[in-house]
Amino acid sequence: MKLTVKAATKIWQFRDKSPRAKHQRAIMADRLPQHVQLFRHDLTLSHCVIDGRYAFVSGQLATEGRRPPPIAQSAEAETRLCMEQIAGILGSVGLTLENIVRVNLYVVDLPALNEIFRAFATFFPSGKFPALTCVGVAGLIGGCKVEITAAAAFPAGFTSASAEEG
């Protein structure tokens with residue numbers, strides 16, 4: 001199976017020549033839907049890395065453009081924005097939220113977990129939830145309340161070595 005990556009996405013193969021690295025691709029989702037605005041930064045990370053059958057999405061915050069302050073007013077709203085960003089990033093490599101197998105959730109305000117999980121559940125209407133780890137943290141970049149990372153699996157037969165830029 002070949003992965004066709006939308007033209008709005010940049011793919012880089014890591015320069016590392018080790019056997020493991022030759023199957024990795026770094027993804028920077030440049031032009032996502034207008035309502036999904038990724039935090040633009042000068043940090044050294046990729047929005048997503050494809051390794052073997054898995055796509056690993058970097059932590060997403062409810063921020064807009066280059067401005068790190070959160071654009072949401074509640075932990076529930078931040079959760080929705082983070083999940084929309086994850087959906088956009090996964091969509092740029094041909095995956096959906098249904099492909100997610102694992103989520104890490106970092107939360108500043110643990111009493112807000114009920115509203116966070118309520119928002120999270122709306123993105124998995126089938127009730128098939130990914131494995132989830134929730135960690136309480138003292139703070140997040142820009143005063144955000146929630147940060148979410150995800151790992152998604154490509155369908156059987158996919159190998160990142162067959163990925164090609166579209």
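1. Glu76, Arg80 and Arg118 are linked in a network of salt bridges, a salt bridge being a side-chain nitrogen of Lys or Arg within 4 Å of a carboxyl oxygen of Asp or Glu. The model is a predicted one, in which local features need pLDDT of at least 70 and side-chain atom pairs count only at pLDDT 80 or more, while totals for chains, interfaces and linings use all residues. Residues are numbered from 1 along each chain as its sequence is written, and side-chain values use heavy atoms, with hydrogens and water left out.

2. Arg80 counts as partly exposed at 30% relative accessibility, and Arg118 is partly exposed at 48%. Buried means under 20% relative accessible area, exposed over 50%, and partly exposed in between (1.4 Å probe, protein chains only).

3. The whole structure has three salt bridges. One of them joins Glu78 to Lys145, the closest N and O atoms being 3.8 Å apart. Glu78 is in helix 1 and Lys145 in the loop between strand 7 and strand 8, 67 residues apart. Glu78 counts as buried, at 0% relative accessibility, whereas Lys145 is partly exposed at 27%.

4. The largest nonpolar core has 28 residues, and those with the most contacts inside it are Met83, Ile86, Leu90, Leu97, Ile100 and Ile148. Such a core is a set of buried Ala, Val, Leu, Ile, Met, Phe, Trp, Tyr and Cys residues joined through side-chain atoms within 4.5 Å. Elements that each supply at least two residues of this core include helix 1 (75-91), helix 2 (113-121) and strand 8 (146-153). Helix 1 gives the largest share, six residues.

5. Leu90, in helix 1, is buried with a relative accessible area of 0%. Leaving aside neighbours within four places in sequence, Leu90 is in contact (heavy atoms within 4.5 Å) with Ala55, Val57, Leu95, Thr96, Leu97, Ile100 and Ala152. Leu90 and Ala152 are 62 residues apart in sequence and 8.0 Å apart in space, C-alpha to C-alpha.

6. Thr79 is also found in helix 1 and is buried, with a relative accessible area of 0%. The side chain of Thr79 reaches the backbone oxygen of Ala75 at 2.8 Å. Not counting residues up to four places away in sequence, Thr79 touches Ile116, Ala119, Phe120, Val146 and Ile148.

7. In helix 2 the buried residues are Ile116, Ala119 and Phe120. They cover an arc of only 100° around the axis, which puts them on the same side of helix 2; the arc is that of the directions from the helix axis to the C-beta atoms. These buried residues pack against helix 1, strand 6, strand 7 (131-136) and strand 8.

8. Strand 4 and strand 5 run antiparallel and are joined by four bridges; two strands pair if DSSP finds at least two bridges between them. They form a hairpin with two residues between them, and Gly52 in the turn has a positive phi of about 65°. Strand 5 is also antiparallel to strand 8, with six bridges.

Notes:
A polar contact is a pair of N or O atoms within 3.5 Å; within protein, one must be able to donate a hydrogen and the other to accept it, and residues adjacent in sequence count only if both atoms are side-chain atoms.
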